[in-house]
Amino acid sequence: MAIQRRRFLAVAGSGVAAGFAGCAAVSDGNGDEGDGGPAISGESITLTTTTSTYDTGLLDEVNLSFEERYGVGVETVSEGTGAALEHARNGDSDVVMVHARSLEDEFIEDGYGVNRRDLMFNDFVVVGESDDPAGISGAEEITEAFEEIAATESTFLSRGDESGTHTKELEIWDAAGVDEFGEWYQERGQGMGEVLSQTNQGGGYTLADRGTYLSMQSDIDLEILVEGPIEGGPELLANPYGIVAVNPAVHENVEYDLAMAYIGYLTSVEGQKIIAEYAVDGEQLFFPEALAEEPNFQQYVPEDWERTTDD
Amino acid sequence: MIPGTGALHPLLIEFPFEWTYIRSIVYVSLYVSLIAVALSTLCSLPVALLLGFKEFRGKQLLTSIINTGMGFPSVVVGLVVLFAVSNQGPLGSFELVFTREAMIMSQFVLAAPVITGVSLAAVSSVDQGVRDAAFAIGGTRLDVALVTIKEARYGIATAVLAGFGRAISEVGSVLIVGGNIAGPEGESYTRTLTTAIQLEARQGRFETAMILGALLVVLVLLVNAIVVRLGSDSGGLR
């Protein structure tokens, strides 16, 4: 009798266990349909973008007013430009806002992005400690400054993360004809904020976007040694941001209409005004670039990145 | 985005102590890790019992896989889960990427081997005599398993705690699959304490990062206290 009870319960028990396992698997897979949306509203889009737009606080500002206006939440994933575009290529985001025209063009040429718009710009600056061991302060040409850093083998911290800033930095080394890097050249593989903090702590030079530098200025002792075009510096240091929707013909699941609403809002008079008025410590960080009576047609199509550096 | 320049941004005025921000981050951390650990425990205990009592082909192999799993680097798990849930991956149609569910999946993968491995050690150390006695007085296999779990409850509680510790303290995988998303008003969607700490450090706000870190330690202590308490009261069956 006892033996039979055992056998019966063994069968029943394994059935229950299997049921449990099924439950666990189902709740794991299905949970997203129940509460996968954002806490704030019914619909949302995913924006993959660079660290600079997020870390400066600009995106919180524009996304808040976009959400108020359209009731659509913007889920922002901030990472390097390379990673942001890669997520978009996989169809994991609906819209990208990045700052490396060459990579954006590749993205569009490969068919993943449509309807690119110029959004805004600021510029890059070379920052370092005030003692300036390579003597680059006030250099006329950024290539000269970089040559000097390489010649004196002064410590230079590179983002090394396929970001827009890293892409720009590599372009400058290329333009300066520097192709030998020694121990003085350190790839950190981290975001702008981290690299600025590390430069501040360990010393050396780095290339930074003005926005992130200004937003961290009060926490670090680094100085701008070579200005970008906003303060009359070399054009090569221009830093234009573009915004591109993910092609719904390639990825059916993307929220193309909402992405276009977002692009439309950011490039509207209202959106551009928010960008122009956003300031940290009284300094404007980004300069709107979307509105013009005579639009720059090259913003819509792949083009040599150099063509777009005029502001 | 610097405290002290707050007039520019509603979130920044009292940023480090912004209630919505902190509360929602803690909520997301606990939500993701507790569910992941609960699911891991449900799956791990039967496996641990099976491995502890049964002899079968491939047992050695399974045990080594579990032991290896205890040391899985979380970023690798994150990458694999990202690959799985990405729109292009096998689970792409569920649209799980950058959701809490994806984070639960990766933490499940991280916590399950730890819970299984430590429970296995606890279950194996239960005296054979106890199991024989339970069986001899007419207990079913389930009864024997329950008696074993009861005997091994401290070890199993330790296993669950170790799994929870691994889940809530890891940053690599949740950052990759969750995307560290918070709304413009500071309402966290997939931002956990660990990814928030990472973000604050990136932005040079080390004080805020420290505060969040202290909060994380306090949370882990609290959960430990609760589990240990439950373990000693109810005999390990939670």
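Colleague: How many helices and how many strands does the secondary structure of chain B come to?

Modeller: Chain B has 10 helices and zero strands, where a helix is a DSSP run of H or I of at least four residues and a strand a run of E of at least two, each numbered from the N terminus. Read from the N terminus on, its elements are α-α-α-α-α-α-α-α-α-α. This is a predicted model, in which local features need pLDDT of at least 70 and side-chain atom pairs count only at pLDDT 80 or more, while totals for chains, interfaces and linings use all residues. Residues are numbered from 1 along each chain as its sequence is written, chains are lettered from A and ligands numbered from 1 in the order in which they are written, and side-chain values use heavy atoms, with hydrogens and water left out.

Colleague: Which residues of chain B does the annotation "transmembrane region" cover?

Modeller: The unreviewed UniProt entry gives 25–53, 65–84, 104–123 and 209–228 of chain B; UniProt positions follow the numbering used here, feature names are shortened, and annotations may be inferred rather than shown by experiment. In the model, residues 25–53 of chain B are 100% helix and 0% strand, with end C-alpha atoms 41 Å apart. Residues 104–123 of chain B are likewise 100% helix and 0% strand, and there the end C-alpha atoms are 26 Å apart.

Colleague: Where does UniProt place "domain: ABC transmembrane type-1"?

Modeller: The unreviewed entry puts that feature at residues 26–227 of chain B. The span is 75% helix and 0% strand, and its end C-alpha atoms lie 18 Å apart.

Colleague: What is the secondary structure of chain A, and how is the chain divided?

Modeller: Chain A comes to 11 helices and 12 strands. An automatic or database assignment supplies the domain bounds: domain 1 is 43–122 + 240–292 and domain 2 is 123–237. Their centres, taken over C-alpha atoms, are 25 Å apart. The contact between them, meaning heavy atoms within 4.5 Å, takes 19 residues from domain 1 and 18 residues from domain 2 of chain A.

Colleague: Why is Pro234(A) called buried?

Modeller: Pro234(A) has a relative accessible area of 9%. Buried means under 20%, exposed over 50% and partly exposed in between, with a 1.4 Å probe and protein chains only, so Pro234(A) counts as buried. Pro234(A) sits in the loop between β8 (223–226) and β9 (238–246) of chain A. Apart from neighbours within four places in sequence, its contacts are Glu140(A), Glu141(A), Ile142(A), Val226(A), Glu227(A), Gly228(A) and Pro229(A).

Colleague: What share of each chain is buried?

Modeller: In chain A it is 55% of the 311 residues, and in chain B 54% of the 238 residues.

Colleague: Which residues lie nearest the centre of the second largest pocket?

Modeller: They are Glu79(A), Gly80(A), Ala83(A), Leu175(B) and Ile176(B), among 33 lining residues. Two or more lining residues come from each of β2 (72–78) and α4 (81–89) of chain A, and α3 (74–85), α8 (172–178) and α9 (193–202) of chain B.

Colleague: What makes it a pocket rather than a cavity?

Modeller: On a 1 Å grid over the protein atoms alone, a cavity is a set of points where a 1.4 Å probe fits but cannot get out, whereas a pocket is an open set with protein on both sides within 12 Å along at least five of seven lines; lining residues have an atom within 4 Å of a point.
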